[in-house]
Amino acid sequence: MNLSLILDVLPLLADSMVLTAKLTIASIILGAFIALPLSLMRASLTAFLSFPVLAYTFVFRGTPLLIQLFLVYYGASQMDWIRSSAAWFILREPFWCALIAFSLNHAAYTTEILRGGIRAVPFGDVEAAKALGMSYALRTRRVVLPAAIRLALPAYANEVVLMLKASSLASTITLMELTGTARKIVAQTFSPYEVFISAAVIYLGITLVISYAFAHLERHLAKHQQRNAQTGMFWFAEMIATLRPRLRGSVSR
Amino acid sequence: MRRYIIVILLSLIPTVASQANAQQERHVRIATEGAFPPWNAVDNSGQAIGFDIDVGKAVCERARLKCDFVTQAWDGIIPALTVGKFDAIMAGMSITEKRRQVIAFSRPYALTSNYFVVARSSDIAPLGSDTKIDLSANSEENNALLRTLKTHLRGKVIGVQGSTNAEAFVHEYFGEAVEIRIYDKQDNLNLDLVAGRIDAGLADFSVWKSFLDTADGAAVELYGPRLSGGLFGPGIGIGLRKTDDELAARFDDALVSISLDGTLRQISLQWFGADLVSQ
């Protein structure tokens, strides 16, 4: 084990970290925009609205992300009519293919997480809003979503960390992100141990930032519920909590 | 008891005789993989066929050796040689420093010849594939050809398989002038070449050959000069035991002989449809 090699490859990997960050952040933002309306549909009691979304989340949570990625990247390029259409302009680029697959997959999980939050909003709160004469849109905006997001946040933080790690699959479609670059350096240096430790350290660093941010956000959103300010390393405990594996029984990739 | 001794002694006679003969006509067993066409393959009757086999037969004839071919899985082909299961390896094996630490090689009987391949519909300025660049020779002609190649491919997207000599070449000679996409498998590279995601690919000719013969391969063509030498290594050689100097010398002489009279080139044309043997 060569400690100086671990440090030497860090700057080489840091360049590719930018691509990993870009992919992760773009997928999360796009995924959130998709998931927000879908989770409301999914939580709806009308089968006509909830069933199509259920089908979508079932498919995307029930198949490996790697296969979804290959279907978008290699599958689309097999069809002549796609290649001659305007969509090819986007599907031609590996970055966009990865973004499409990642954000659709991420949105499927986020939809289910947020739907859980929506269903967990105390019924009394919704009743009260109705009694005050609030319309569906208004009470969703003012009552349901704020409470639902607060409830779903810990699980969502977990999903964001998973998204970061899932972005490593992009290297299979020629995007040289963190993991892909690490593998390339391994092939050149024949030292898998040091190089992968370096890559792992970088992933840990990013995860630390994400967890810290969510721990703070969680505390911020729950301010009105706290009687006494917590002291000490509260954020650390919450951060560690987000690193726990997915709940048993839920579909994981 | 005496009868048994006589039988045993009698049975020894042919062995002794054949050993005396071996000085003139040595029996050589050559191993091949049989699963790497067109270099080597196995036909329906179980016989080894391919470029390696035909070169082997020509060499043995020239060296007055009695040879036969055995097939052996690629993994473990080198250890089996060193323990003496056979005497030589002809399996499209390129000469590398790493292998040289364990076994000896004859002089190369084929070059590792890398070619660019582009889609026929591509807008890259045409460049014939009948020229060649030997990277180990630093001639003005070579450098001019390399510059032309670089100018034509500037700004294009080039696919290579990861951890191959092709990748090393593109990085070293083209660097920032092109966009490099690295694939884990040649098949995936071929798919993207047909789909038009990449403008060109670089790989060994024998790899392209099997792709060019497919229906998808009809959409692409070889582009620009043949690249060999330098970081592509000296080529494909016959693997031999380090202690077997006699066989190495006889093979080397025979290889020179079949290369000079054009036999080797003829076999290359027959199996590859191209000359992969002349410098």
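**Transmembrane regions, chain A**

I began with the UniProt record, an unreviewed entry, which lists "transmembrane region" at residues 20-41, 53-74, 86-109 and 195-217 of chain A. Such positions are given in the numbering used here, with feature names shortened, and annotations may be inferred rather than shown by experiment. This is a predicted model: local features need pLDDT of at least 70, side-chain atom pairs count only at pLDDT 80 or more, and totals for chains, interfaces and linings use all residues. Residues are numbered from 1 along each chain as its sequence is written, while chains are lettered from A and ligands numbered from 1 in the order in which they are written.

I checked two of the spans. Residues 20-41 of chain A are 100% helix and 0% strand, with end C-alpha atoms 31 Å apart. Residues 86-109 of chain A are 83% helix and 0% strand, and their end C-alpha atoms lie 29 Å apart. Helices (H or I, at least four residues) and strands (E, at least two) are DSSP runs, numbered from the N terminus.

**Confidence, chain A**

I looked up pLDDT, the predictor's confidence in each residue, from 0 to 100. Chain A has a mean of 89, and 89% of its residues reach 70 or more. Over residues 247-253 of chain A, pLDDT stays under 50. The model has 6 contacts beyond four places in sequence for that stretch. Two residues are in contact if their C-beta atoms, placed from the backbone, lie within 7 Å.

**Domains, chain B**

I turned to chain B. UniProt, again in an unreviewed entry, puts "domain: Solute-binding protein family 3/N-terminal" on residues 27-275 of chain B. That span is 36% helix and 23% strand.

The domain assignment, which is automatic or from a database, gives domain 1 (11-111 + 234-272) and domain 2 (114-232) of chain B. In chain B, 5 residues of domain 1 are in contact with 5 residues of domain 2. The domain 1 side has 5 nonpolar, no polar and no charged residues. Here Ala, Val, Leu, Ile, Met, Phe, Trp, Tyr, Cys and Pro count as nonpolar, Asp, Glu, Lys and Arg as charged, and the others, Gly among them, as polar.

**Where the chains meet**

I counted 11 residues from chain B and 9 residues from chain A in the contact. On the chain B side, β11 (179-183) and α7 (186-195) each supply at least two residues. That side divides into 4 nonpolar, 3 polar and 4 charged.

7 of its 10 residues are buried (20 or more other C-beta atoms within 10 Å of a residue's own; exposed is 12 or fewer, partly exposed in between; C-beta atoms are placed from the backbone). So α7(B) is largely enclosed by the rest of the structure. Among the buried ones are B:Q186, B:D192 and B:L193. B:G196 follows α7(B), with a positive phi near 90°.

**Cores**

I then asked about nonpolar cores, sets of buried Ala, Val, Leu, Ile, Met, Phe, Trp, Tyr and Cys residues joined through C-beta atoms within 7 Å. The largest has 107 residues, and those with the most contacts inside it include A:A98 and B:V117. Helix α6 (residues 94-120) of chain A gives the most to this core, with 11 residues. Both domains of chain B give residues to this core, so it lies between them.

Leaving aside neighbours within four places in sequence, B:V117 touches residues including B:L193, B:A200 and B:W208. Apart from this core lies another, of 8 residues, among them A:L13 and A:V195.
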